[in-house]
Amino acid sequence: MARGVHRGEEKAGNHGRQRSGNHFQDSGDDSRIYGGRLCRPLYGTAFMKMGMVLNGKKEMSFDEFIAAFEAAVEGVKQRGKSDKGEKTMLDAMIPALEAIRQTYGETKDAQSAWKAGTRAAEDGVEYTKTIIATKGRASYVGERSIGHQ
């Protein structure tokens with residue numbers, strides 16, 4: 001994933017200050033090509049969906065970030081044909097999105113919302129250790145996937 005994002009950053013540097021949406025789309029496109037073999041389509045889709053929401057913007061508000069993150073989550077759901085509770089990255093992404101949306105809605109404080117989202121994502125990762133994988137390679141080991149993220 002880092003390789004794809006770095007390639008997107010290089011493109012931004014070569015073309016001057018780039019718009020947020022274009023940067024996410026470039027990072028998504030490059031993540032699909034240069035990212036880790038198994039997650040490449042998922043990360044690429046997430047970044048590209050974010051870029052579509054932010055298309056043409058040089059800066060984004062926190063409300064626009066939330067809308068972009070929502071699009072990323074929906075894109076990963078569609079691409080992976082999965083949802084929360086199936087021991088996938090969505091078990092971190094969905095709780096993070098929900099916590100960010102709720103906290104920002106209550107406080108209008110982006111920093112508090114970001115911290116709440118981070119905590120929720122970490123809790124989601126821990127939760128995956130308690131369930132059986134139903135998607136991807138980990139699903140092949142069945143119950144032996146319990147105890148691992």
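In this predicted model, the largest nonpolar core holds 20 residues, and those with the most contacts inside it are Phe62, Phe65, Ile66, Phe69, Val73, Met93 and Ile100. Two or more residues of this core come from each of helix 3 (40–53), helix 4 (62–80) and helix 5 (90–107), and helix 4 supplies the largest share, eight residues. Ile100, one of the core residues named above, is in contact with Phe62, Phe65, Ile66, Phe69, Ala113, Trp114 and Gly117, when its neighbours within four places in sequence are left aside.

| Helix pair | Angle between axes | Distance between axes | Crossing |
|---|---|---|---|
| Helix 3 and helix 4 | about 145 degrees | 7 Å | right-handed |
| Helix 5 and helix 6 | roughly 155 degrees | within 7 Å | right-handed |

Where helix 3 packs on helix 4, the residues contributed by helix 3 are Pro41, Leu42, Thr45, Ala46, Lys49, Met50 and Val53, and their partners in helix 4 include Phe65, Ala68, Phe69, Ala72 and Val76. The residues of this contact divide into twelve nonpolar, four polar and three charged.

Helix 6 spans residues 110–128, and its axis crosses that of helix 5 at roughly 155 degrees; the two helices are therefore roughly antiparallel to each other. On the helix 5 side, the contact includes Asp91, Ala92, Pro95, Ala99, Ile100 and Tyr104, while among the residues they meet in helix 6 are Ala113, Trp114, Gly117, Ala121 and Tyr127. By class, the contact of helix 5 with helix 6 has 14 nonpolar, six polar and one charged residues.

Key
Residues are numbered from 1 along each chain as its sequence is written. This is a predicted model: local features need pLDDT of at least 70, side-chain atom pairs count only at pLDDT 80 or more; totals for chains, interfaces and linings use all residues. Side-chain values use heavy atoms; hydrogens and water are left out. A nonpolar core is a set of buried Ala, Val, Leu, Ile, Met, Phe, Trp, Tyr and Cys residues joined through side-chain atoms within 4.5 Å. Buried means under 20% relative accessible area, exposed over 50%, partly exposed in between (1.4 Å probe, protein chains only). Helices (H or I, at least four residues) and strands (E, at least two) are DSSP runs, numbered from the N terminus. Contact means heavy atoms within 4.5 Å. Axes are lines fitted to C-alpha atoms, for helices over the stretch in contact, and angles run from 0 to 180 degrees between N-to-C directions. A crossing is left-handed if the near helix is turned anticlockwise from the far one by less than a right angle, and right-handed if clockwise. Ala, Val, Leu, Ile, Met, Phe, Trp, Tyr, Cys and Pro count as nonpolar, Asp, Glu, Lys and Arg as charged, and the others, Gly among them, as polar. Angles under 35 degrees count as roughly parallel, over 145 as roughly antiparallel, 65 to 115 as roughly perpendicular and the rest as oblique.
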